[in-house]
Amino acid sequence: MYQINEIFETIQGEASYTGTPSIFVRLQGCPVGCAWCDTKQTWDASDSYVVSLEQTVEKKADSQHWAHASAEDVLVLFQQRGYLAKHVVITGGEPCLFDLNPLCELLHEHGYSTQIETSGTFAIKAPAQTWVTVSPKINMRGGYDVLASAMQRADEIKHPVAMQKHVDELEALFAQTGVTPKLVYLQPISQKAKATKLAIDTCIQKNWRLSVQVHKYIGIN
């Protein structure tokens with residue numbers, strides 16, 4: 001069973017799949033503790049917040065409420081809601097707290113592509129054809145290390161930056177794990193001018209790419 005915080009259909013606004021119609025499946029639970037996290041409502045998986053799966057779809061605002069659901073439950077909900085997008089983004093929270101193989105395999109069987117957005121601090125249990133976005137959470141208060149296995153599995157790296165220290169930490173992680181990914185995106189934290197300039201300058205210098213959270217600019221989820 002999975003712990004679902006919310007499910008919604010939208011446009012992916014970040015990294016390689018920017019602009020892709022997508023169904024987001026946000027899972028509940030995360031011990032990593034990122035200071036700038038914009039989904040802190042997913043951290044605590046207290047049973048006191050359990051609701052029906054249908055209620056997670058009908059949310060009007062962020063909340064800690066979540067539902068138990070099987071892979072089959074999720075697929076049926078997609079069909080009942082009439083979602084048209086064929087790309088599914090599994091995010092959180094920290095989705096790799098769960099074995100994502102059953103969910104991803106079922107979705108693949110029904111014509112969907114899948115993507116995981118993870119901190120890289122837990123083992124990635126997903127099929128080979130699932131696109132893996134690692135947003136490495138380095139030196140967070142939860143005390144979890146970014147796993148070399150997660151870095152090796154990543155199809156892209158998406159790294160939030162606000163200051164030079166964040167760029168330096170990413171390069172140190174590459175050296176530590178021996179992994180130099182082909183696709184590296186820098187994403188300015190909170191879209192602030194200083195962070196955006198840093199990201200742009202660094203991307204030009206290192207031939208990396210910029211991720212600007214398009215969904216926030218156009219005002220959608």
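Buried means under 20% relative accessible area, exposed over 50%, and partly exposed in between, with a 1.4 Å probe and protein chains only. Keep that in mind as you click along. This is a predicted model, in which local features need pLDDT of at least 70 and side-chain atom pairs count only at pLDDT 80 or more, while totals for chains, interfaces and linings use all residues. Residues are numbered from 1 along each chain as its sequence is written, and side-chain values use heavy atoms, with hydrogens and water left out.

**Stop 1: the sheet**

Switch to a cartoon view. Helices (H or I, at least four residues) and strands (E, at least two) are DSSP runs, numbered from the N terminus. Two strands pair if DSSP finds at least two bridges between them. Look for 9 strands forming an open sheet with mixed pairing, in the order E3-E1-E2-E4-E5-E6-E7-E8-E9. Strand E3 (67-69) and strand E9 (209-210) stand at the edges with a single partner strand each, so one side of each has no neighbour in the sheet.

**Stop 2**

Show side chains and you can find isoleucine 7 opposite valine 25 of E2, and threonine 10 opposite serine 22 of E2. E2 is largely enclosed by the rest of the structure, because 6 of its 7 residues are buried.

**Stop 2: helix H2**

Which residues of H2 are buried? Select Ala71, Val74, Leu75, Leu77 and Phe78, which are buried in H2. They cover an arc of only 160° around the axis (taken from the directions from the helix axis to the C-beta atoms), which puts them on the same side of H2. An α-helix has 3.6 residues a turn, so residues three or four places apart point the same way. The buried residues of H2 pack against E1, E2, helix H1 (53-57), E3, E4 and H3. Just after H2, glycine 82 has a positive phi of about 70°.

**Stop 3: helix H3**

Next, select residues 101-109. This helix, H3, lies across E1, strand E4 (87-91) and strand E5 (113-118), and runs at about 150° to E5. For such angles, axes are lines fitted to C-alpha atoms, for helices over the stretch in contact, and angles run from 0 to 180 degrees between N-to-C directions. Leu103, Cys104, Leu106, Leu107 and His108 are buried in H3. Around them, the packing partners are E1, helix H2 (71-81), E4 and E5. Just after H3, look for glycine 111, whose phi is positive at about 90°.

**Stop 4: the cysteines**

How many disulfides does the structure hold? With a disulfide taken as a pair of cysteine sulfur atoms within 2.5 Å, the structure holds 0. For cysteine 30, the nearest cysteine sulfur is that of cysteine 34, 6.2 Å away. Cysteine 30 counts as buried because its relative accessibility is 15%. The sulfur of cysteine 104 is 9.2 Å from the closest cysteine sulfur, in cysteine 96, which is too far for a bond. Cysteine 104 also counts as buried, at 0% relative accessibility.

**Stop 5: valine 134**

Go to strand E6 (residues 131-134), where valine 134 lies. Valine 134 is buried, with a relative accessible area of 0%. Contact means heavy atoms within 4.5 Å. Leaving aside neighbours within four places in sequence, valine 134 has contacts including Thr118, Ile124, Met151 and Ile157.

**Stop 7**

Finish with residues 164-177, helix H5. At 1.5 Å a residue (times one less than the number of residues), its 14 residues should span 20 Å, and the end C-alpha atoms are 20 Å apart, which agrees. Just after H5, glycine 178 takes a positive phi of about 70°. Lastly, follow H6 across E7, E8 and E9, where it runs at about 160° to E8.
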